Amino acid sequence: INLSLTQTLFKSRLSDRKAHEKKDNNTIYVTDLLYCPLKPRLREQFKELTYAEAYTPSTLQGSLIHDSIERILSEELNAEVEVPISKEIKVGDQVYTLVGRADAIKDNAVIEIKTSRNDSGIPRVEHVLQLKIYLNMLNSNPNWNKRLPQNGTRFYGILLYITPDRITEFRIEDEISEDELSELVQDFIYTRVTPKHDWECKYCIFAKVCPNKVIINEGKDAN
């Protein structure tokens with residue numbers, strides 16, 4: 001048998017990427033709100049580049065670390081992992097479904113796992129924002145609130161970072177407001193700011209086909 005472990009790993013990553021492709025125009029992923037709003041649109045236009053993203057070694061490494069930690073949280077803490085979260089947002093006459101996947105939920109703690117090549121600049125603004133959006137989606141949902149003790153307990157967030165220099169966690173208490181969330185959704189729908197961060201283009205596989213590419217000398221390197 002001609003066994004290729006490398007091929008197996010990358011095929012698994014590609015299958016996961018395909019499984020989470022956007023199904024309709026009224027679905028917005030939470031991660032869409034964190035970065036350049038052109039990127040999801042370019043993913044649809046340039047499928048080959050989208051799939052090429054899955055074959056980046058650093059991306060695969062982050063994914064493998066991510067999966068291992070989720071397994072540990074599930075086995076050691078009995079945490080739920082890869083938990084789907086959704087919320088309807090109305091903009092004008094249109095209703096959009098905001099969709100996210102929390103890495104893990106244990107009791108009232110929402111856990112997000114992040115990897116990075118170094119520990120400079122953590123916690124990252126966009127990662128904190130992601131958790132704050134999840135907290136809004138959970139704390140405003142009666143079905144999720146039923147799972148909490150009826151003593152004013154609310155969901156809070158934990159950002160866990162895995163880097164070569166540091167393994168640490170940050171507690172996030174506050175959720176994003178409804179008005180702030182609505183503005184983020186409109187920013188995405190109307191592509192108000194492209195890119196959202198001046199470092200994005202340096203690490204974006206779609207920069208080679210993007211008319212809004214910004215060229216800078218320095219950038220970020222977290223996954």
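Colleague: Which residues have the most contacts inside the largest nonpolar core?

Modeller: This is a predicted model, and its largest nonpolar core has 32 residues. In soluble globular proteins, nonpolar side chains tend to be buried together. Within this core, the residues with the most contacts are L33, L98, I105, V110, I133 and F155.

Colleague: Which element gives the most residues to this core?

Modeller: At least two core residues come from each of strand 2 (80-91), strand 3 (94-106), helix 5 (125-139), strand 5 (156-162) and helix 7. The element that gives the most supplies seven residues, and that element is helix 5.

Colleague: How many residues make up the other core, which lies apart from it?

Modeller: Among the members of this other core are A109, I111, Y156 and I158. The number of residues in this core is eleven.

Colleague: In strand 6, which residue is the bridge partner of L160?

Modeller: Strand 5 and strand 6 (residues 167-172) run antiparallel and are joined by six bridges. The two strands form a hairpin, with four residues between them. In strand 6, the partner of L160 is E169.

Colleague: Is R13 buried or exposed?

Modeller: R13 belongs to helix 1 (residues 5-19). Leaving aside neighbours within four places in sequence, R13 is in contact with A54, T59, L60 and S63. The relative accessibility of R13 is 16%, and buried means under 20%, so R13 counts as buried.

Colleague: Which elements do the buried residues of helix 2 pack against?

Modeller: Helix 2 spans residues 38-45, and L38, K39, P40 and L42 are buried there. K39 also takes part in a network of salt bridges with R43 and E53. The buried residues of helix 2 pack against helix 3 (47-53) and helix 7 (178-189).

Colleague: How many residues apart are R147 and E80?

Modeller: The structure holds 14 salt bridges, and one of them joins the side chains of R147 and E80 at 2.3 Å, N to O. R147 is partly exposed at 44% relative accessibility, and E80 is partly exposed at 34%. R147 lies in the loop between helix 6 (142-145) and strand 5, whereas E80 lies in strand 2, and this pair links distant parts of the chain that are 67 residues apart.

Colleague: Why does the salt bridge between D119 and R166 tie together separate parts of the sequence, and how many residues apart are they?

Modeller: The side chains of D119 and R166 meet at 3.0 Å, N to O. D119 has a relative accessible area of 24% and is partly exposed, while R166 is partly exposed at 32%. D119 lies in the loop between strand 4 (109-115) and helix 5, and R166 in the loop between strand 5 and strand 6, so the parts they tie together are 47 residues apart.

Colleague: What separates the closest N and O atoms of E183 and R192?

Modeller: E183 is partly exposed, with a relative accessible area of 41%. R192 is also partly exposed, at 42%. These residues form a salt bridge in which the distance between the closest N and O atoms is 3.1 Å.

Notes. Residues numbered from 1 in each chain as written. Predicted model: local features only at pLDDT ≥ 70, side-chain atom pairs only at ≥ 80, totals over all residues. Heavy atoms only, no water. Buried < 20%, exposed > 50% of the residue type's maximum accessible area, 1.4 Å probe, protein only. Contact = heavy atoms within 4.5 Å. Core = buried A, V, L, I, M, F, W, Y, C linked by side-chain atoms within 4.5 Å. Pairing = 2+ DSSP bridges. Salt bridge = Lys/Arg side-chain N within 4 Å of Asp/Glu carboxyl O.
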